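We will then visit a few of its details together.

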Amino acid sequence: MSTASIDSTASTGRSLSRFVLVLFGLCVPVWVIGATVDVEIFPGFKLFQAGLAMPMIASFLLTYRERGWAGIVALLRRTVDVGSVSPRLWFLPILLVFPSFGLINYCLMRQAGADIPPPTFSLVVLLGYCPVFFMTYAEELGLTGYLADRMQQRYSALMTGVLLGLIWAGYHIPGFLISGYYTAWWILWHAIYTVAARVLFVWIYNNSGKSLFSMALCHWTFGLFWSFWPQDNLQKAVPFYRPQITAAAAVVCVIIVLFLWGPETLARFRFSRRAGALQD
């Protein structure tokens, strides 16, 4: 390994550790104050949930430190890189993978006899959920825009997904605890789902032109299925959501992806002739 490669790897490790320290350093005061003061930033979104915006703040602080305002501008430009999504066929997994997990959850719960109200399909509901797309950038500017490519210089795509998933789950868990809505068992299964989901994010990212826009759109679909049962609290899951079901579905999907695309890059399709259909 060359000196340049060693320096790059070391720099990547420092970037990860700095990001984690800055991220949680920003989150802790928000969690502490939000746990003691019951304040709504806007309807359905309380102060302790503002930690979800901290990956973006951390990415801005670290990018400015490393590359100045030019780096921040370059990072922000990636929020509209929809033209980078290639091949366009990958819009199908971007839009359908995570709603499909919700559908599996719904069907299994219905089969088990759960009393689930009918979904609300309306333009009003869809438009009401659309602003969440812009909120996803608060997380994706950090997890994808700042970290994803750097981490893949040092780790495999699978390990990158797992580590990003642990970070993603890690700054959500305090909010779940503060809310008081969830058991430790629920939080554990949802964390497993979150880690598996982030591996799938990296898989889609690596195969769809490494577009930040694609990851924001994918993140938006993470809650799209559940939006058809509107809640008045953005921290509260729909009553029939069972994270053990979505976690199992996501893990099975990850296993299939690993078999077909391999863990190193998650982008080398095993059946190369068929791969041409995806890569053209």
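Predicted model: local features only at pLDDT ≥ 70, side-chain atom pairs only at ≥ 80, totals over all residues.

Let us begin with helix α3 (residues 91-111) and helix α10 (residues 243-261), whose axes come within 9 Å of each other and cross at roughly 130°. Angles over 145 degrees would count as roughly antiparallel and 65 to 115 as roughly perpendicular, so α3 is oblique to α10. The crossing of α3 past α10 is right-handed.

Which residues make the contact? From α3 come Phe-101, Ile-104, Asn-105, Leu-108 and Met-109, while α10 brings Ile-245, Thr-246, Ala-249, Ala-250 and Cys-253.

## The loop between α2 and α3

Now find Thr-79, which sits in the loop between α2 (54-77) and α3. Is Thr-79 buried or exposed? Its relative accessible area is 17%, and buried means under 20%, so Thr-79 counts as buried.

Who are the partners of Thr-79? A polar atom of the Thr-79 side chain lies 2.6 Å from the backbone oxygen of Leu-76. Setting aside neighbours within four places in sequence, Thr-79 is in contact with Tyr-137, Leu-141, Leu-212 and Phe-213.

Pro-87 also lies in the loop between α2 and α3. The peptide bond that leads from Ser-86 to Pro-87 is cis, and its omega is near -5°. To see what makes this worth a look, remember that most peptide bonds are trans.

## Two residues with a positive phi

Here is another general rule to keep handy: most residues other than glycine have a negative phi. Lys-210 is not a glycine, yet it has a positive phi of about 50°. You can find Lys-210 in the loop between α8 (184-207) and α9 (212-221). With a relative accessibility of 35%, Lys-210 counts as partly exposed, because that class covers the range between under 20% and over 50%.

Leu-266 is not a glycine either, and its phi is positive, at about 55°. Look for Leu-266 in the loop between α10 and α11 (272-279). How accessible is Leu-266? Its relative accessible area is 0%, so Leu-266 is buried.

Note on methods:
Residues numbered from 1 in each chain as written. Heavy atoms only, no water. Axes fitted to C-alpha atoms, helices over the stretch in contact; angles between N-to-C directions. Helix = DSSP H or I, 4+ residues; strand = E, 2+ residues; numbered from the N terminus. Parallel < 35°, antiparallel > 145°, perpendicular 65-115°, else oblique. Left-handed = near helix turned anticlockwise from the far one by under 90°. Contact = heavy atoms within 4.5 Å. Buried < 20%, exposed > 50% of the residue type's maximum accessible area, 1.4 Å probe, protein only. Polar contact = N/O pair within 3.5 Å; in protein donor to acceptor, adjacent residues only side chain to side chain.
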